[in-house]
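Dear colleague,

Please find the structure below, handed over together with its sequence. My notes on what was found follow directly after it.

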Amino acid sequence: MFSFDYRQPADMDSLPLLDAAELRRRVIRAVDGGWRMLAFFGLPETARPGAPAGLCCVLAHDATRTLAALRTPPLEQFPSLTPDCPQAHYFEREMYEQWGLEPVGHPWLKPVRRAPDAEGDGESAAYPFYRADGDEVHEVAVGPVHAGIIEPGHFRFQCYGENVLHLEIALGYQHRGLEAMLAAASAYGPAQTTARRLLLLECAAGDSSVAHATAHCVLWERLTGQDVPERAWLLRRVGLELERLANHCGDLGAIAGDTGFLPTSSWNGRIRGDFLNMTASVCGNRFGRGLLRYGGTAHDLCPEECEDLTTRLRAAGRDARGAVDIMLDAASVRDRLNGTGALNRADARALGLVGVAARACGLPLDARFHAPVSDLPGTEPCLEQSGDVLARALVRSREMDDSLALVEADLSRLAARTGARTAATPPAPPSRLPARKLAVAQVEGWRGEICHLAVTDAEGELLACKIVDPSFHNWPGLALAMRNGQISDFPLCNKSFNLSYCGHDL
Amino acid sequence: MNQGTVFYLIQLFLALILAPLLPGIINRVKARFAGRQGKPLLQTYYDLARLLRKGEVIGRTATWTFSAGPGVALAATLCALALLPLGGAPSPLGFGGDFLLAAYLLGMGRFALILAALDTGSSFEGMGASREAAFSALAEPVLFLVFLMLTSLSLDLVRHTGQSAELVAALSLSAMFGGQATEAWLAGRAELLLAPAVFFVLLLVENCRIPVDDPNTHLELTMIHEVMVLDHSGPNLAMIVYGAALKLWFFAALTAGLLTPPLPLWQQAGLCLLIILALAAAVGVVESVMARLRLTRIPHLLGGAAALASLALILTQVR
């Protein structure tokens, strides 16, 4: 298998062309041997629209920090990997929808992003929802319009009384063609292209703006071999960890709210705002938009600002710790969370879960640890074993402590090195990319590992640009966690995963 | 009209006027615990005034059952309330065995709302109706266990005084909740204090408060009572909101009736009112310091209440 270091772009020409059966055999053997599927997508021959596409699969081996890539010549059909490798399930459905490559033998082949028609007729009639039959089985349909201010998604439960036999999740209501827009950005001329792409990616999933922007910048820097000064890495990490703090804090409050535990629910709503305001002090936007630039950052902090941020960070961290401890120490909350929506480790691994959901099942997956983007000292993954809502809450709670320590350390390093404001002037983006390269960027967003991937053609044009949000891996995990659970536990379970709709729909 | 009836009517009028204050107190207490300002104390009154002025939207599948539900439920709750002794004054409508009528009037109100929910044909409302029916079926035996204990106590007290002509009247709510029970526990029968505790649990269950149901949630899949009334709007929703407030007052008045000793009328009435308002605050505290139980745990809570009620019953019999 062709493997390479995760920081280096791979040479497309050195990638052997395999036939589909051989690719299937090798991928399944690798996944059995501890590799993990990062992306599996259609790779067109040329950038021309409608060009015939082949398969391309990128795998990661976290322990050795190695990546591997496999590809096939253009084809129309291939034997489905899903029956032997459930991680491929969504990727193959996406491939069928996006590139028309048919995985033969796929157990549940329907589009992942095309929203079902309102009445269930028209084109989506060909793709019915999974149904359990029986006199006492009833179906509950929730969404796409929900009772709260959240994104649209459709959930179809097959229930036997209060017990859920099966949950099918239909998304795609937010699909806006992000990958096509990224490719089309080159029409705006070399000066505009990078800036436009960055803007687009900052709203790939609005709650992970910094993480997606970091992934994109890292991808481009790896592709072009651009070095980034340490000061920029510190600033980027401050942005990333503040994003993690704000979202973990908000999620823990939302979990408390769903259990009906009011104090933490109210307090965390306020404290989340404090963390967002710190991000705004760094870059002028509460969600961290505009912080990153190719080769560096667009903003810098002077020592006084660092000191001010540290004071605010300590205060907010203290408040958050107190609010979360009250919740996690309450017997009624622990009883409610314990054992709810439990996933076991083997299922989590087979489905290829990432991020908080995977760590709650005991899988040591944290891209900050197994694929660090910089040489800065990092953290160890926070693991829990029980895989239930409580485990996901505990992982978040412990990661907040880690993030607080990281941001504080980074701010003190930033304050200590005044004068070296190298980050303020990022280099101009390159007008041409190197030809026939494949580069991968893995960045641990607060929800999980975000993977961006780019392949260039012989002219240095973008051939394929793939965005894999952690939600794409984890939505099937939510459906599995609900199986044989109580339908009344769904909102709580959903909050504990807190997956992105638009990050999935792209 | 004698003086007692006039006094009772004043008390009933007070209950009808003040009932929507109870949800306001609960919300205020919860807001304070969460460090918020909270909505105005009189918000339920404003809501009722707003809803009464609004039009109504009725689903295409709904029939008259849907529209009749809230009216029947409110009427049933009003009738049940009129059987209760209020502020120490016995109800003029009371008779021996009226507790059965009161319990089943509430049952009828619930039945009307369940029918209305099923009539909408929505899967959410069907689930809510099934949960409401299941949990109220579990709450009913608990209620009757306490009633059983209170009737036996009331009969004991009457026999003790030797007025055998009043044996039948001893089986009325007015005799059970008129203050005699309080006198008995103040005289040292501590097991009687279990009864108000069980009534407080029943208050939480029957009024869909935390830890049983979360009246604030917007998540259809977890709701019990709220999901049943999702389709109602306008004046019918106002009837449901007002009916819920009255039901809260009903259970609070039951609990208060066991905690106020017989005093001169105005003092007893004042004390009763204070206890009812304090109970609303207690509900707010409970909602602030604990999370909701998962649905499968609610029978355990009711089982615990049933155990307490049985214990009280056995202890009263042992004496």
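Strands and helices here are DSSP runs numbered from the N terminus, a helix being H or I with at least four residues and a strand E with at least two; two strands pair if DSSP finds at least two bridges between them.

Before the remaining findings, two notes on conventions. The model is predicted, with local features needing pLDDT of at least 70 and side-chain atom pairs counting only at pLDDT 80 or more, while totals for chains, interfaces and linings use all residues. Residues are numbered from 1 along each chain as its sequence is written, and chains are lettered from A and ligands numbered from 1 in the order in which they are written.

The sheet in chain A

The β14-β15 pair belongs to an open sheet of four strands in chain A, with antiparallel pairing and the order β2-β13-β14-β15. The edges are taken by β2 (10-11) and β15 (462-468) of chain A; each has a single partner strand, so one side of each lacks a neighbour in the sheet.

Chain A as a whole

Chain A has 16 helices and 15 strands. Its radius of gyration, taken over C-alpha atoms, is 22 Å, close to the 23 Å of the globule rule for 506 residues, so chain A is as compact as a globular protein of that length. That rule is 2.2 Å times the number of residues to the power 0.38. Of the 506 residues of chain A, 52% count as buried; a residue is buried if 20 or more other C-beta atoms lie within 10 Å of its own, exposed if 12 or fewer, and partly exposed in between, with C-beta atoms placed from the backbone.

Domains of chain A

An automatic or database domain assignment divides chain A into domain 1 (2-104) and domain 2 (209-462). Their centres, taken over C-alpha atoms, are separated by 28 Å. The contact takes 21 residues from domain 1 and 19 residues from domain 2, two residues being in contact if their C-beta atoms, placed from the backbone, lie within 7 Å. On the side of domain 1 that touches domain 2, β3(A) gives the most, with five residues.

Contact between the chains

In the contact between chains, 22 residues of chain B meet 25 residues of chain A. Both α2 (21-33) and α12 (265-289) of chain B supply at least two residues each to the side of chain B that touches chain A.

Backbone points

Arg65(A), in the loop between β4 (53-61) and β5 (66-71) of chain A, has a positive phi near 50°. Asn484(A), in the loop between α14 (470-482) and α15 (490-497) of chain A, has a positive phi near 60°. In chain B, a cis peptide bond with omega of about 15° joins Ile210(B) and Pro211(B).

With kind regards
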